[in-house]
Amino acid sequence: MSSDKKAIVAQKLKALRDEYRQKLPQALAHISNLANEYLSDETVLPSLKQQVHKLAGSAGTFGYSELSQSARELELLLQGWEQQPPGEQERSKALKHARALDQFLQGAAEPQSPTSYPSFKGDEPEVDRLIYLVEDDTSLAEELSATLNSFGYRVRHFTSPSTAEPAIVERRPDFLIVDVMFAGEQRQGPDSIQQIQENMADPLPVVFISGRDDFDAYLGAVRAGAVGYFVKPLDIPQLIDCLEAHLKLHQAEPYRVLIVDDDVLLSHHYRLLLESAGMRVETIQDPRKVLQVMREFHPEVVLLDLNLPDCRGYELAQLIRLHSEWLRVVIAYLSAEQDEYRQIQAIRNGGEDFLTKPISDMRLVSAVAVRAARSRQLSDAIDRDSLTGLLKHARIKEEIALELERAARQGKPVSLAMIDLDYFKKVNDTYGHGAGDKVIRALAQLLRQRLRKTDSVGRYGGEEFIALLPDCDAESAYTLLDSIRENFAALGFTGDSGVFNVTLSAGLVTVNGQKTDGEKAVNIADKALYAAKSAGRNQVAATEVTAQTDLSD
Ligand SMILES: Nc1nc2c(ncn2[C@@H]2O[C@H](COP(=O)(O)OP(=O)(O)OP(=O)(O)O)[C@@H](O)[C@H]2O)c(=O)[nH]1
């Protein structure tokens, strides 16, 4: 996040704190009045308890930690009064306490603003995929550079760590790929990199490649900050997977978080914090809106207050859990409830976790990020194919149906490509099933790399893939697919009996705003694929759905 944006968020947070400070005297007077009323009217007890509970949760967040503590003590005093009315002594103690709260602001110090700012995802530099490859085996370096280039990475090659060091200092790469052993060098790969890392404010992600497979070699790599270690002969798709996993950290879609809390100021405060950490946030005060927002916003984490108007937070958690499609959503309570027994009861009733208010800004951001990452991992495990990381058959079909509907609504083109490896049975038979798997993974990576964030790609069958390209006309789709075909054909693979290449064929259909059913679109693409295969393979055959196309069968 730029310093300008940071300043704006800081300003907004301050405006919220000021608003809270302004409203505080009224809230304290209200508590004091309710406590007075309670002497003659016991029915006000639930309102009194709710106001005190709310104060205990919010005051700490807005910098009044002593007030929060004091409210918490009063809350403890009031607990259990509904079941067992208090004696005279307890009543007057509570009244005194409530009045003392009301006096709290007189002579109180300014609230403390947070001393540290949460760390923001957006602070990270833009990714430009620059890799420094430090390798003295020039033929391996050439092969690796060529493959990485096909995957869209820019590679600079150095033959030793000592020649790479000045370049690293001058222009920081996104990744380092470093051999472990260098003939004639005083320091070996990990030692040199460890020394370079010591002078970097932010460590560089480094992947080591090596002929060594022993404990000391791994330990040296770990000490030099290794995020990956690959033994030669290299499994290049696996290495690219590792690079991608790190890129994903930067490029991932923002986490989606839903906050259900009836305290408007507090939920606004949380929202600002999480948004400034790069997340997308929706807040609702009325629990009755939860179903609608869940359906439209698809949150990955839901933060629930425990005390809500009309229902309890754990009832809402149970209500969400009645829907199997939201099983992967992580539900955490964010509440001022301190009683361990009630916290456990709430977790038993539907949520996974309990975050206690007041919560520091840092802790809130990191707690939500960790839970959102977990939810996403779970989703990926459910929706994605384990060999390729692409969407599974059922999910890509859902995406196709949704996208066709959207495109028809908006009158926009959408293209769909069915991609199939050529003579793949022969590849497996000649070079082994393991080599075949590498080919499948390499194609998956290439597709991910070349498609836009808004595109979807799925593994439709064993060696059959579908790429869905929203807002992409026939000509652009053909150009893209054909260049992927060319790139793929140029990749070299190593199998049981030597180096080989594989080609692909693709059938492309573009729907130009017509209402089309997903299955029909897939059938048309499949027919085009068949035409590409029949015409000799290693080519893209394209069709378009127009007003004249018969979509009846
Ligand atoms: N290694 C590997 N092979 C797979 C996987 N899934 C499917 N296959 C193989 O892919 C091959 C597909 O063969 P065919 O459908 O006959 O097609 P082809 O040999 O590619 O020929 P054309 O498509 O006509 O060019 C079969 O041998 C499958 O065993 C997989 O996950 N890994």
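**Labels and their cut-offs**

Tutor: Start with an open sheet of 5 strands, in the order 7-6-8-9-10, with parallel pairing. The edge strands are strand 7 (280–284) and strand 10 (353–356). This is a predicted model: local features need pLDDT of at least 70, side-chain atom pairs count only at pLDDT 80 or more, and totals for chains, interfaces and linings use all residues. Residues are numbered from 1 along each chain as its sequence is written.

Student: What makes something a strand or a helix here?

Tutor: Both are DSSP runs, numbered from the N terminus: helices are H or I with at least four residues, strands are E with at least two.

Student: What kind of crossover links strand 8 to strand 9?

Tutor: The chain goes from strand 8 through helix 12 to strand 9, and this β-α-β crossover is right-handed. The term means that, with the strands pointing away from the viewer, the path from the first strand over the helix to the second runs clockwise.

Student: Which strand pairs with strand 8 in the parallel sense over 4 bridges, too?

Tutor: Strand 6 (residues 256–260). There, isoleucine 259 stands opposite leucine 303. Strand 9 and strand 10 are also joined by 4 bridges and run parallel. Leucine 334 has leucine 355 as its bridge partner in strand 10.

Student: Which strands does helix 10 touch?

Tutor: Helix 10 (residues 264–276) packs on the sheet and touches strand 6 and strand 7. Its direction makes about 170° with that of strand 7. Axes are lines fitted to C-alpha atoms, for helices over the stretch in contact, and angles run from 0 to 180 degrees between N-to-C directions.

Student: Why is aspartate 305 called buried?

Tutor: A residue is buried if 20 or more other C-beta atoms lie within 10 Å of its own, exposed if 12 or fewer, and partly exposed in between; C-beta atoms are placed from the backbone. Aspartate 305 has 26 such neighbours, so it counts as buried. It lies in the loop between strand 8 (301–304) and helix 12 (313–321).

Student: What about aspartate 179: buried or exposed?

Tutor: Buried, because it has 22 C-beta neighbours inside 10 Å. Aspartate 179 lies in strand 3 (residues 175–179). An unreviewed UniProt entry annotates Asp179 and Asp305 as "modified residue: 4-aspartylphosphate". Such annotations may be inferred rather than shown by experiment; positions follow the numbering used here, and feature names are shortened.

Student: What is aspartate 305 in contact with?

Tutor: Contact means that two C-beta atoms, placed from the backbone, lie within 7 Å. Leaving aside neighbours within four places in sequence, aspartate 305 is in contact with Val260, Asp261, Asp262, Gly313, Leu334 and Ser335.

Student: Why is alanine 521 called buried?

Tutor: It has 26 C-beta neighbours inside 10 Å, so it passes the cut-off. Alanine 521 is in helix 19 (residues 518–534).

Conventions
Two strands pair if DSSP finds at least two bridges between them.
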